[in-house]
Structures are given as structure tokens and as C-alpha cells.
Amino acid sequence: MKAIYKRELKAYLTSPIGYAFMGIFFLLSGAVFAYTTLFSLSADLTAYFTYMLLFLAVLLPLLTMKAFSEERRQKTEQIWLTAPVRLTGVVLGKFFAALTLFAACLAVCSLAFLILFRYGEVKVAVLLGDLFALLLVGMAFIAVGLFVSALTENQLAAAVGTVGILLLFLAVSLLNDYIPVYWLRFILSGLSVFSRFRNFTQGVFDPAALVYYLSIAGVFLFLTVRVYDRRLRT
Amino acid sequence: MIEVKHLTKHYGTFCALDDISFSVGKGEVVGLLGPNGAGKSTAMNILTGCLSATCGEVFVGGADMREEPLKAKRMLGYLPEQPPLYPDMTVGEYLRFVYELKGCDLPRDAHLAEICELVRIGDVFCRLISQLSKGYRQRVGIAQALIGDPGLVILDEPTVGLDPKQIIEVRALIRTLSRRHTVLLSTHILAEVQAVCNRVLIINRGKLIADEQTDTLTRMIEDGICYRYGIIGPQKDVLPLLRRVPGVKEAAFTGEYDGEAGIFRLTFAPGADCRKAVYYACAKAGYPILSAVSGGGDLESVFIRLVDNSDGHA
């Protein structure tokens, strides 16, 4: 796992895609931050985190699209398929590499919050809860991205597919209130990425949400391993 | 070193491998020979754990590939048909990555330096893989397979796409490897097997049709050689004359050639070379030989005979 993790992280830092991701991330974060706090003279970060959640659905697929599809296209996956390593280790290595880059970007963006301490009143606990929630959502999104990437040889298809699934996740949350069927609404709200995120942005630490996001990540990472397991068998 | 029992692989209704069994002992260099699409790569992928078989078992150094894949994989190095190289890494970075991936416990720098010297890639150690020529990539691929000093090295078509000079170099390299490793390589080129292997497994349409020492195969090929002679003379006289030459197994008239001459196909008894005797016999009888062409001494004709044989036994 460590070898894969190191290789992936280095590949992010030596390839255009890694820098494109970081550039767009900083740009969006900066713009959203300026727009929601500085321009509106508010120290409330709720809007910032809500926007960032939406942007992550488009940004994180950039990070994960190459993970497996490129290896499949160039047939480099055979190096770890025939090495004495477990598939789980390979998948986790790639997962943590993407997560590390994402967390690092998030940390850099958080520096901007220091301005708010100077001019406004910031609830530190809420802020930390928000950051933690965004990290959790990122984990879930990265896991989805890895899974889709394992399904195809085409990077672009992986990216578009991931964005599609993530937007569907979000759309379900946003449209949920308009669904007239009660049981359907109940199930969908249970699956909703958004409603759980809202608790965090209001400063409530919700253990159920923690379990929920970790489960999504776990399920999709498991499915990724299964994709390879199955390919070995057919 | 590797033992394969009743290996069968179906892709849907297509049977890629049909009940293949063989074993390779320590120190052998074995060639897996077959035409394109015979099932060589499928077999290689199953042996290395990239693909699982529909049924059958693979043991590497006594470890079952299905039950203890990590233990089995630790004992083998594999060069797939397309070397699994990351173009965005330098050769050095790549080899260190593979070293770490395989979890080797040999002293790293000394081990890598030794391999680089063996496959002669020391001069490109700091170059990006994307900038390397095909020959160098192939050698980096072989280097990768050797990391961790595995007992068994499996090479899938190691000389495909190389120029003649590189082919000779890679073959020499494989012979060097055989001093320390058991080598199993696949190829569709007969000369390659003759050049590097001491044993040959021939597969055709997923079936193992021959398991022979290279010498035996060479003899079979020589036995398969037939000659076409263009001889001036009446067919009814020349044919008996040719049949009387000692060592000639078969003689047949196959057609007219340039009006007055006829073409005669001769097959010699195993191990016999009667070309001189044929010449003298014809010269003595006054039938001039206009041409003599040998043919049939190739892999295809050996295949045809082996396939015929295996069908005959069935």
C-alpha cells in the first residue's frame, strides 16, 4: 500500500492534472470565500461550505479519473496484479494519495479563514466541524471516483461518469422536498449527502453522518476491489 | 518450480485453454510455442495470477496460486507482452517503486545496481521511461521482473517488436538469466526456442500438443523437410530411379516444369541426407537436375504434423 501511495502522490505532483486540480481548487475556494464573506461583510461560513460541497462534485473527479482507467489503458496494472500485494492495499493506496492531496488543498484554503478572526467573530468549533464534514464528503466522493475509474479505460468517461453520479447524489437531496411519495422521500433523505452535511454546517456533530460518509467511502472502495476481483475471474 | 494441473479456461462458450498440464523443474528454460491466438498469453496470465482459470490448479514453488497467491507471486517475476512501465517515472524511480511494491528485503541499492548491470540499463537510470526506445523499455521490463530475485521468471513474447540486433541481445540476456533462474517464455518464433530453450511446450487452439526437448523438436523439423527436384527425363523412368536411391523414403511426381522437365517431391528417411546420392544417381542415368528446393522444415508443417498426430491418437 505504501509503495502505491507514494507513487500516486508523486504522480499527482509531477503531472499537469494534479496542478490543474490544485489551481482550480484554490481559485474557486478563493472566489467563493471572497464572495460569501468579504463582499457580504459576514463571518458566517455556511454559504462557503455549501458552495464548496457543490464544487467538489465536479473537482474531485478530476483527481480520481486517471487512477485505474489509465493503468488499464496502458496495461501497467499488471505490475501490481502480479506482485505479492493485496488488491485492497492497492485501492487504499490510491485512495489515500487522492485524499492527501485534497486535504492539503483544504488546509491551504483554510488559511484564508484567519482573516475572519481579525474582523469578525468566528465560532471555532463550527469552523472545525465544517472542515471535518467537507473532508468526510471528499472521502466519499473520492471513493466513488475510484470505483467509476475502475470500470472504464477512458479517463474522460470516468470523469463524466463520476460527476454524473455525484450530481445525482446531490440532486436527490435538493429535490427531495418536492417528492410527494412519503416512503420514497424517507428513503432518499436517508441516502442524502446534503441533509447530513447541513447538520455540520450548523455546528452539530452528528455521529450518524460520520458513519454515513465513512460507509459510502467503504462501500465504494469495496466495490472497486470487487471490480478487479471479478475481472480476474472472467 | 511451477506445476500446472488440468488448466482450463473458458471465455463464454469459447475455450481458450483445454486441460493443460505440465511442470517445469528448477533451472530449465522452457519455451511456450504456438501460433497467434493459440492461448499463450491466456496461459501466462493464469500462471502469474492475473487471471483465474475456469478450472485447474497452478503451483509456484509448491504454493497454490488460488489459495496462497501472495506466497506464489513472491516467487515469480513476470514480463507481460507490453512491459508495465509508468512513462512519467524515471527508470530509477520505477525500479525503486517495484522494489518497494514487491516488499523485497535484499539490500536495495546493491540489488538494483546488480540488475541494471545484468540487463545493461545503467546508462538510462536517470532518464524518463517515456523517452526510452523500445529495446530499452523491454530491458527495463525484464529488470522489473528480476527484482526480488524470483526463482521463476516468466516472459511473454520478450522479443516482439525489437530490431534484429536487440533480439540477439535479449536472447543472450535470457541465456544469462537461465544460470540463476528458471525461465518460462512464450513465443511464436521457432528459431527463438531453438536459440534459448532446452525444452518446448507447443500449444495450438488451447491444447498442449507437444512437450519435447528442443533437440527432439529440431529432429522432427529436419525429418519434415522435403525437396522438390526439377529433373529432365521421362517420368516413368525417373521415379523408380529416385525410389531406388538408398535413404529416400518417398518420391512423387507433382507436375511439369519448363516443358520437358518434371518436378519430383522427395522425402528422406529420418536422419538421412541423400542429396549427394540423388545427384549421382541422376547424373549416372543421364537425367539432368535443373533445380532443387527444400521446403517443409518450418514450424507450420511441424504443427500440421503434430496436430494430425494428436488427432490420430484421439
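Guide: Two strands pair if DSSP finds at least two bridges between them. Helices (H or I, at least four residues) and strands (E, at least two) are DSSP runs, numbered from the N terminus. The model is predicted: local features need pLDDT of at least 70, side-chain atom pairs count only at pLDDT 80 or more, and totals for chains, interfaces and linings use all residues. Residues are numbered from 1 along each chain as its sequence is written, while chains are lettered from A and ligands numbered from 1 in the order in which they are written.

Visitor: What is the strand order of the open sheet of 4 strands in chain B?

Guide: The order is S12-S13-S11-S14, with antiparallel pairing. Between S11(B) (226-232) and S13(B) (261-268) there are 7 bridges; pairing requires at least two, so these strands qualify as a pair. Within S13(B), Ile263(B) is the residue opposite Gly230(B).

Visitor: What makes S12(B) and S14(B) edge strands?

Guide: Each of them pairs on one side only.

Visitor: Why do S6(B) and S10(B) stand at the edges of their sheet?

Guide: That open sheet has 6 strands in the order S6-S7-S8-S3-S9-S10 of chain B, with mixed pairing. S6(B) (76-79) and S10(B) (207-213) each have a single partner strand, so one side of each lacks a neighbour in the sheet. Elsewhere in chain B, S3 (29-33) and S9 (199-204) are joined in the parallel sense by 4 bridges, with Leu33(B) partnered by Ile202(B) in S9(B).

Visitor: Why are H8(A) and H9(A) called oblique to each other?

Guide: Their axes come within 9 Å and cross at roughly 135 degrees. Axes are lines fitted to C-alpha atoms, for helices over the stretch in contact, and angles run from 0 to 180 degrees between N-to-C directions. Angles under 35 degrees count as roughly parallel, over 145 as roughly antiparallel, 65 to 115 as roughly perpendicular and the rest as oblique. The two helices are therefore oblique.

Visitor: Which residues of H8(A) and H9(A) meet?

Guide: Phe141(A), Val144(A), Gly145(A), Val148(A) and Ser149(A) of H8(A) meet Ala158(A), Gly161(A), Thr162(A), Ile165(A) and Leu166(A) of H9(A). Contact requires C-beta atoms, placed from the backbone, to lie within 7 Å. By class, there are 6 nonpolar, 4 polar and no charged residues. Ala, Val, Leu, Ile, Met, Phe, Trp, Tyr, Cys and Pro count as nonpolar, Asp, Glu, Lys and Arg as charged, and the others, Gly among them, as polar.

Visitor: How many residues does each chain bring to the contact between chains A and B?

Guide: Chain A brings 18 residues and chain B 21 residues. H1(A) gives the largest share of the chain A side, 5 residues.

Key. Contact = placed C-beta atoms within 7 Å.
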